[in-house]
Amino acid sequence: MNVAGKFLFGLFLSFCFSSSILAQQLTLEEHVLNSKVLNEEQKISVYLPEKYGEDPTHRYPVIYALDGKYYKQMVSAVIARFYGDWLIPETIVVTIDNENRIRDYTPTPHATADVLSGKADVFLDYIEKELIPFVDSNYQTSEFRIFEGHSLGGLLSLYAVQARPELFTAHYAFSPSLHWGDNKTVEKIITYLSSRKSLKQFIYMNLGNEIVKSEYEPNNTMGASFLRLQTFFKEHSVPGLRVKSEILKNLPHASTNISGLVNATSELYRYWVLPFDAIEGGPEAISEHYEKLSSDLYQEIKPRKGSINFAADYMTNGVHSPEKGMKLLKYNASLYPDSAWVIFNLAKGYEQREQVDLAKKYGQEALNLINQDDEELKSSIASFLDAL
């Protein structure tokens with residue numbers, strides 16, 4: 001079974017026990033926004049990681065998911081499973097319980113649609129001017145935002161690439177209805193991207209077994225429109241823009257969202273996990289890996305202290321290379337000189353290598369650095385020093 005298969009199997013098991021898992025990993029907060037832009041109430045659900053708020057300075061990326069009324073449990077469970085397994089950063093999930101999909105998700109009217117449509121720009125105004133400011137003012141958010149949608153929601157996510165180019169860092173579009181409005185959105189995206197010299201964004205889009213040719217509308221089907229945009233991406237690259245496009249030919253339209261969410265998230269954070277070859281390569285290889293990760297996510301990402309500490313333990317006890325392990329502990333201390341936890345691990349490293357004087361020195365330094373509210377760590381360091 002490949003990695004994606006194992007993940008999906010694990011995800012299936014997590015759905016079987018979803019109530020207990022989500023209770024452990026997520027905090028749900030629901031809000032009703034009185035939108036002046038839309039002149040109506042809009043419901044949203046906000047899912048927070050279990051340890052949200054423990055560090056008041058930490059900022060979380062946010063995924064904004066359309067059609068929350070139908071998909072909120074699926075989206076929150078998938079994302080929680082990812083960060084629960086340390087495959088992505090802890091992420092805030094905001095699901096939007098939209099009540100009028102055709103009106104709000106479509107950029108233009110459609111020849112065969114007999115209901116109100118083509119108000120996507122108004123809905124994006126709501127997201128930009130009301131929803132995101134509300135979330136940013138009430139939660140510890142970063143500027144890294146993901147916009148996710150399926151079918152007409154996928155259409156809106158891709159439309160926003162050119163309509164609101166600075167609003168989101170990543171766009172997920174599962175079976176996007178790109179044929180809506182006689183392919184006008186496809187042409188707008190192509191025109192916009194053809195004019196860009198660079199663009200720091202990520203796009204994922206997929207297609208299931210949707211019809212490519214139709215005797216009723218031979219040049220205007222979801223499949224044909226998708227292939228038109230996919231061909232453009234293959235033939236035209238924009239520096240900084242990362243695109244992952246795939247056809248899941250065995251999946252029907254209704255099921256491309258869950259596979260798409262797994263595949264899109266895996267691709268967006270493809271370098272998040274520190275690989276063993278970088279661990280074995282030491283600080284220099286680890287630094288190179290994080291430079292690549294930073295480039296991929298358009299922001300500086302510092303090596304995570306937990307990952308480096310794990311790497312040090314792996315080198316010391318896993319492959320029995322204590323010198324390389326100590327080198328990583330020192331590297332971690334150079335990255336986080338003000339972290340009592342990191343310095344304490346360095347002290348324990350010296351103690352393990354029977355360098356008692358250095359163990360005492362760094363144990364005391366860790367004790368001096370500790371936050372007075374962290375009684376558990378303070379007690380551990382004090383006990384460590386007493387035992388030396």
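Leaving aside neighbours within four places in sequence, which residues is glycine 53 in contact with? Tyr60 and Gln140 are its partners, where contact means heavy atoms within 4.5 Å.

This is a predicted model, in which local features need pLDDT of at least 70, side-chain atom pairs count only at pLDDT 80 or more, and totals for chains, interfaces and linings use all residues. Residues are numbered from 1 along each chain as its sequence is written, and side-chain values use heavy atoms, with hydrogens and water left out.

**View 1. Glycine 53 in its loop.** Glycine 53 sits in the loop between β2 and β3. Strands (E, at least two residues) and helices (H or I, at least four) are DSSP runs, numbered from the N terminus. The C-alpha atoms of glycine 53 and glutamine 140 are 7.7 Å apart. Along the chain, these two residues are 87 residues apart. Glycine 53 counts as partly exposed, at 32% relative accessibility. On this scale, buried means under 20% relative accessible area, exposed over 50%, and partly exposed in between (1.4 Å probe, protein chains only).

View 2. Rolling a probe the size of a water molecule over the atoms shows where empty space is left. The search uses a 1 Å grid over the protein atoms alone. A cavity is a set of points where a 1.4 Å probe fits but cannot get out; a pocket is an open set with protein on both sides within 12 Å along at least five of seven lines. The largest pocket holds about 2200 Å³ of space. Its volume is the space filled by probe spheres set on the points, with grid points joined across faces, edges and corners.

**View 3. The lining of the largest pocket.** Lining residues have an atom within 4 Å of a point. The largest pocket has 48 of them. His58, Trp86, Arg304, Lys305 and Gly306 lie nearest its centre. Several elements supply at least two lining residues each, among them β3 (60-65), α3 (68-84) and β5 (141-150). Helix α12 gives the largest share, four residues. By type, the lining splits into 24 nonpolar, ten polar and 14 charged residues. Here Ala, Val, Leu, Ile, Met, Phe, Trp, Tyr, Cys and Pro count as nonpolar, Asp, Glu, Lys and Arg as charged, and the others, Gly among them, as polar.

View 4. Side chains of opposite charge can pair when their charged atoms come close. A salt bridge is a side-chain nitrogen of Lys or Arg within 4 Å of a carboxyl oxygen of Asp or Glu. By this rule there are 15 salt bridges. One of them joins arginine 103 to glutamate 40, at 2.8 Å from N to O. Arginine 103 lies in helix α4 (residues 101-105) and glutamate 40 in strand β2 (residues 40-49), so the pair ties together parts 63 residues apart in sequence. Arginine 103 is buried, at 14% relative accessible area. Glutamate 40 is partly exposed, at 23%.

**View 5. Lysine 72 and aspartate 97.** These two side chains meet in a salt bridge of 3.0 Å, N to O. Lysine 72 belongs to helix α3 and aspartate 97 to strand β4 (residues 92-97), so the bridge ties together parts 25 residues apart in sequence. Lysine 72 is buried, with a relative accessible area of 15%. Aspartate 97 is also buried, at 9%.

**View 6. A salt-bridge network.** Asp121, Asp125, Glu128 and Arg164 are linked in a network of salt bridges.

**View 7. Two nonpolar cores.** A nonpolar core is a set of buried Ala, Val, Leu, Ile, Met, Phe, Trp, Tyr and Cys residues joined through side-chain atoms within 4.5 Å. The largest has 60 residues. Tyr172, Leu261 and Leu268 touch the most other members. Not counting residues up to four places away in sequence, leucine 261 touches Ile63, Met74, Val75, Val78, Ile79, Tyr172 and Phe174. A second, separate core of 51 residues includes Ile127, Val186, Tyr192 and Leu199.

**View 8. Two residues with positive phi.** Serine 175 is not a glycine, yet its phi is positive, about 45 degrees. Serine 175 lies in the loop between β6 (170-174) and α7 (184-195). It is buried, with a relative accessible area of 0%. Histidine 320 is not a glycine either, and its phi is about 55 degrees. Histidine 320 is found in the loop between α12 and α13 (322-335). At 63% relative accessibility, histidine 320 counts as exposed.
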